Amino acid sequence: MREWFRANAAELPWRPADLDALRNPYAVWISETMLQQTQVSTVKDYFIRWMERFPDVETLARADETEVFRYWQGLGYYSRARNILKTAKIVCEENLLDPLRSASRMTLNENARVGCKMPETRKELEALPGIGAYTAGAILSLAYHKREAILDGNLVRIFSRLYELDFLPTDKKATIDCHASLQEARNDMQISTARDLDHALEKRSSHGTKCNDVSASEIYWGYAREVADSPRAYMHNEALMELGRTVCKTKSPLCETCPLHKECRAFLDGRTAEFPPTKKRTEKSWHGTVLVIESADEKILAVNGGQKFLDGQLALPHFESVRGATVGISAQAEEYINADDVESVNDCGTFRHNITVHKIECNVLHVRLATTAKAAQLPKTKANSDKPSAFEWIKKAKAFETFANSFSLKALKKVF
Ligand code: SF4
């Protein structure tokens, strides 16, 4: 795999020419987070722009959320961007919030983080918002060259095919036949006591778990840990990710050129199309209304939180509604604005948009107020919502650059 990787590693903005070099943990964190759910070809430009604007964790920690979202706009799954910012602030907290206190702590506690340094242990990393087992492993392995396992979609696909695993790590229970393992173990070894049996199964199990402890996730992580059990874990991990991306593709894997084809069970059995099993994605249709509420002094009402979508970022007010509902101020719209302030309501048509599994269709109402933004009566929080919401008036002239999500921008385009 190492030979294959050295010969085939693509040039990527986050990958140094020297594949054995230690890497910048911040860059690994940002690139790996961007790469979740997103193609490498899309991420390249986003990563370059991001690193130009936020070259290190300290610069990022000082940024505001609206700007961070703007640099994320188009990558989707905005919770990733929000968590990145939260984590940057946590990592830098001691230095940014109180430099004097931080300095004094440094004399008392040599473990205090200096210069917004990313943590170097899995426990600390996984405690940060948005950093899960995969991202923590990637940072520790690629940046610090620790023997840490990583398991992303590429490795899952490869393991599933190499070992013909007909389940996914997210499945609650693995369907590995423990009784068959047991029988094999009995045939191969002299087992007389329960302790012998446990010992035998542990030995047999390449992932090191006992049969009755096994979970789908643990089986995959077990294989991942085997890959990482080497001083060159960083290269094995990255080589497998690259193999999954370029050779062991979801559709039509290029098995003839794969360095693992001689030991890949799915390939040898002619069953690559069956692995990994497909996960049924249940799409949900959602029809709603988006309000573009414009005050008499040309300001647009934005909401943060308390809505169906785009929690945690500025978005246009929206709520579920039936198709073809009459134009006017409905009770739901009155959760955002007082009907007495309304001068006119225009139906500006519909747009379609997808957010995660939701297939959204929205009609857009342009609501003009007779009052200025200051005089308009805004609710303190939206009724019928357990999520806190905040309201903000933004200048109409700046609306297109202030909203950092395609959902709100599409609605604005229907009006202006
Ligand atoms: S032989 Fe084919 S299916 Fe098996 S790991 Fe290689 S590319 Fe994937």
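## Contacts along the chain

Among contacts in the chain between residues at least 6 apart in sequence, 66% link residues at least 24 apart; two residues are in contact if their C-beta atoms, placed from the backbone, lie within 7 Å. The model is a predicted one, in which local features need pLDDT of at least 70 and side-chain atom pairs count only at pLDDT 80 or more, while totals for chains, interfaces and linings use all residues. Residues are numbered from 1 along each chain as its sequence is written.

The chain contains 17 helices and seven strands. These elements are DSSP runs numbered from the N terminus: helices are H or I with at least four residues, and strands are E with at least two. Of the 416 residues in the chain, 34% are buried. A residue counts as buried if 20 or more other C-beta atoms lie within 10 Å of its own, with C-beta atoms placed from the backbone.

## The enclosed helix α9

Helix α9 spans residues 133-143, and it is largely enclosed by the rest of the structure because eight of its eleven residues are buried. The buried residues are Thr135, Ala136, Gly137, Ala138, Ile139, Leu140, Ser141 and Leu142. Their cover includes α2 (25-35), α8 (122-126), α13 (216-228) and α14 (233-246). Just after α9, histidine 145 adopts a positive phi of about 55°.

## The packing of α2 and α3

Helix α2, part of the cover of α9, also packs with helix α3 (residues 40-53), at an angle of about 140° and with the axes 9 Å apart. Axes are lines fitted to C-alpha atoms, for helices over the stretch in contact, and angles run from 0 to 180 degrees between N-to-C directions. The two helices α2 and α3 are therefore oblique to each other. Angles under 35 degrees count as roughly parallel, over 145 as roughly antiparallel, 65 to 115 as roughly perpendicular and the rest as oblique.

On the α2 side, Ala27, Ile30, Ser31, Met34 and Leu35 take part; they meet Val40, Val43, Tyr46, Phe47, Trp50 and Met51 of α3. By class, this contact has ten nonpolar residues, one polar residue and no charged residues. Ala, Val, Leu, Ile, Met, Phe, Trp, Tyr, Cys and Pro count as nonpolar, Asp, Glu, Lys and Arg as charged, and the others, Gly among them, as polar.

## The shell around the ligand

Of the 14 residues around the ligand, Cys248, Cys255, Cys258, His261 and Cys264 come nearest; a residue is near a molecule if its C-beta atom, placed from the backbone, lies within 6 Å of it. The elements giving two or more residues to this shell are α10 (153-162) and α15 (265-268).

Note on methods:
A residue is buried if 20 or more other C-beta atoms lie within 10 Å of its own, exposed if 12 or fewer, and partly exposed in between; C-beta atoms are placed from the backbone.
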